[in-house]
Amino acid sequence: MTLLLPEFPALFHLIQLQSLEKPQRELPPLLPGAGLPCAMDWQPDEQGLQQVLQLLKDSQSPNTATQRIVQDKLKQLNQFPDFNNYLIFVLTRLKSEDEPTRSLSGLILKNNVKAHYQSFPPPVADFIKQECLNNIGDASSLIRATIGILITTIASKGELQMWPELLPQLCNLLNSEDYNTCEGAFGALQKICEDSSELLDSDALNRPLNIMIPKFLQFFKHCSPKIRSHAIACVNQFIMDRAQALMDNIDTFIEHLFALAVDDDPEVRKNVCRALVMLLEVRIDRLIPHMHSIIQYMLQRTQDHDENVALEACEFWLTLAEQPICKEVLASHLVQLIPILVNGMKYSEIDIILLKGDVEEDEAVPDSEQDIKPRFHKSRTVTLPHEAERPDGSEDAEDDDDDDALSDWNLRKCSAAALDVLANVFREELLPHLLPLLKGLLFHPEWVVKESGILVLGAIAEGCMQGMVPYLPELIPHLIQCLSDKKALVRSIACWTLSRYAHWVVSQPPDMHLKPLMTELLKRILDGNKRVQEAACSAFATLEEEACTELVPYLSYILDTLVFAFGKYQHKNLLILYDAIGTLADSVGHHLNQPVRPQSGSCLPIPVPLGIQ
């Protein structure tokens with residue numbers, strides 16, 4: 001039966017945007033493809049195709065008004081399933097078009113599949129699936145990747161069961177002598193393994209992993225590093241779930257990993273490191289006989305010139321610290337490991353750029369939406385500075401247009417976390433390897449090095465506290481002095497590290513360390529840099545929890561400073577300021593209700609605590 005879409009031409013006519021120089025002709029009343037015949041027969045109407053192309057090109061415009069109009073037209077056109085045939089046609093057939101336009105067409109189709117696939121007529125769904133499989137070997141890596149995304153999106157809509165030829169065809173395409181076909185098929189399989197790992201190991205699909213895992217292992221020795229990387233990444237998806245097909249081939253898998261340990265390609269090395277970290281957690285029994293060699297390998301890779309490889313290798317120390325055998329197997333390697341971790345804790349050049357490390361005063365700059373939007377993280381077993389939180393692996397991660405790279409897990413944060421957990425494992429045994437390094441770091445003339453030394457001192461605070469006590473009478477005054485450093489990033493990390501030693505500070509006579517620390521922290525609460533304000537507020541809240549009623553004699557100074565901060569802070573730091581005030585109330589209790597003598601100068605921008613004698 002022919003499906004007439006009388007409104008469809010009119011909708012295409014609406015695509016005439018203000019950014020177009022010439023008006024486009026309307027489509028004829030009946031599109032050659034509108035009847036939705038069998039997939040093999042579908043052909044677009046030329047005029048409709050040109051107008052779809054124009055819509056795609058206009059959607060790449062930076063003009064906000066044009067973008068809104070394009071979005072409105074896309075919503076209207078999505079009422080018609082035939083529009084999806086046009087999108088897949090542009091992606092797979094129009095090789096004369098530029099790659100960004102073709103890829104964009106595929107990504108729009110992917111969004112349509114996510115939102116409306118269940119309502120696609122069977123001929124449309126069949127045409128899209130057919131085109132994907134026929135063009136997975138496109139000459140363009142961008143188009144291959146887009147088709148792979150589209151395939152796995154369709155598969156995620158319950159289509160793995162309804163598309164029985166998909167996995168066999170993709171696995172067969174791996175044997176192609178054409179590189180593009182093999183790589184495209186592997187890219188699609190990797191995405192399917194990432195999104196549907198449990199289903200692939202289920203009876204619902206007759207356990208295709210029994211065939212796929214041995215197949216993937218064959219490609220570990222492929223001449224192309226891209227193919228080798230795909231093969232490892234595919235197998236890696238099944239380690240944590242202990243897929244039986246992988247467990248049956250575990251020794252072959254580990255043997256192949258060792259063979260690739262010194263691969264020239266950084267992506268391959270990264271995936272090898274990732275595999276070993278996961279195996280350490282789920283099949284440590286298979287790694288123990290090789291543990292000395294694996295540790296030596298990871299020591300090298302943690303220093304890899306590619307930071308992504310180094311980061312994956314650094315995860316190994318976090319995972320090893322959680323294993324009962326950690327002390328036994330790692331103790332003899334601490335002399336090598338500790339300097340490597342410490343070196344990894346320095347800010348990289350790109351970190352400093354992203355953190356605006358050269359901007360010392362930004363308190364008058366309003367917070368962006370990115371600064372104040374909520375962030376949700378899976379916490380590690382360690383507590384690091386506020387910027388060191390680890391992002392979660394939520395389903396929306398790929399769609400999260402989050403440019404705030406500062407919150408991303410990186411080598412500095414992973415190195416600090418590893419040192420933290422290892423300090424809790426080895427306690428004072430760590431200090432002989434660390435103390436010789438610390439003095440050179442803490443008093444280094446380069447601020448980046450000094451900052452990393454302060455971070456080191458904070459990272460070991462919990463695990464090595466008892467061993468650090470003899471050195472604290474000298475270190476705490478130095479850290480307090482660092483609160484006045486000219487570099488904002490040094491001031492902020494000093495706030496955090498001092499908060500880690502707040503319990504010891506409060507245990508000493510108040511005049512010795514508590515008063516000087518409180519004075520300088522209150523100054524930093526009124527710092528001109530927002531990052532320092534945040535760190536100081538958080539540190540002061542920790543100090544409040546430890547000091548409790550020890551703060552009562554200084555309440556007027558504290559309250560004057562916190563009240564003045566309300567007039568300085570932007571939105572994000574106001575939330576932290578509220579928390580500091582709430583913590584103060586919890587810590588001093590009814591003493592907050594007592595009338596206090598107003599302090600002179602309480603409205604000055606210089607904190608009143610300067611008057612503490």
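## Basis of the model

Residues are numbered from 1 along each chain as its sequence is written, and the side-chain values use heavy atoms, with hydrogens and water left out. Because this is a predicted model, local features need a pLDDT of at least 70 and side-chain atom pairs count only at pLDDT 80 or more, while totals for chains, interfaces and linings use all residues.

## Overall make-up and confidence

The protein chain has 33 helices and zero strands, where helices (H or I, at least four residues) and strands (E, at least two) are DSSP runs numbered from the N terminus. Of its 613 residues, 55% count as buried, a term that means under 20% relative accessible area, with exposed meaning over 50% and partly exposed lying in between (1.4 Å probe, protein chains only). Among the contacts in the protein chain with a separation of 6 or more, 73% come from residues 24 or more positions apart; contact here means heavy atoms within 4.5 Å.

The average pLDDT of the protein chain is 85, and 84% of the residues score at least 70; pLDDT is the predictor's confidence in each residue, from 0 to 100. Over residues 386-406 pLDDT stays under 50, and the model has 42 contacts beyond four places in sequence for this stretch. Over residues 598-613 pLDDT also stays under 50, and here the model has 31 contacts beyond four places in sequence. Where pLDDT is low, the predicted coordinates should not be read in detail.

## Helix α5 and its two partners

Two packed helices are described by the angle between their axes and the distance between the axes. Axes are lines fitted to C-alpha atoms, for helices over the stretch in contact, and angles run from 0 to 180 degrees between N-to-C directions. Helix α5 (residues 99-116) packs with helix α7 (residues 141-162) at an angle of about 5 degrees, and their axes are 9 Å apart. The two helices, α5 and α7, are therefore roughly parallel to each other, given that angles under 35 degrees count as roughly parallel, over 145 as roughly antiparallel, 65 to 115 as roughly perpendicular and the rest as oblique. On the α5 side the contact includes E99, P100, R102 and L107, and on the α7 side it includes L142, I143, T146 and K157. The residues of this contact between α5 and α7 divide into nine nonpolar, four polar and five charged, where Ala, Val, Leu, Ile, Met, Phe, Trp, Tyr, Cys and Pro count as nonpolar, Asp, Glu, Lys and Arg as charged, and the others, Gly among them, as polar.

Helix α2 (residues 46-58) packs with α5 at an angle of about 95 degrees, with the axes 10 Å apart, and that makes α2 roughly perpendicular to α5. L53, L56 and K57 in α2 meet T101, L104, S105 and I108 in α5, and by class this contact of α2 with α5 has four nonpolar, two polar and one charged residues.

## Two buried residues

V282 is found in helix α15 (residues 266-282) and, at 10% relative accessibility, counts as buried. Leaving aside its neighbours within four places in sequence, V282 is in contact with I239, M240 and R242, and its C-alpha atom is separated by 8.7 Å from that of D241, 41 residues apart along the chain.

A313 has its place in helix α18 (residues 307-321) and, at 0% relative accessibility, counts as buried.

## Positive phi in a loop

Most residues other than glycine have a negative phi, and most peptide bonds are trans. N206, in the loop between α10 (197-200) and α11 (209-218), has a positive phi near 60 degrees and, at 69% relative accessibility, counts as exposed. R207, found in the loop between α10 and α11, has a positive phi of about 50 degrees although it is not a glycine, and R207 is partly exposed, with a relative accessible area of 30%.
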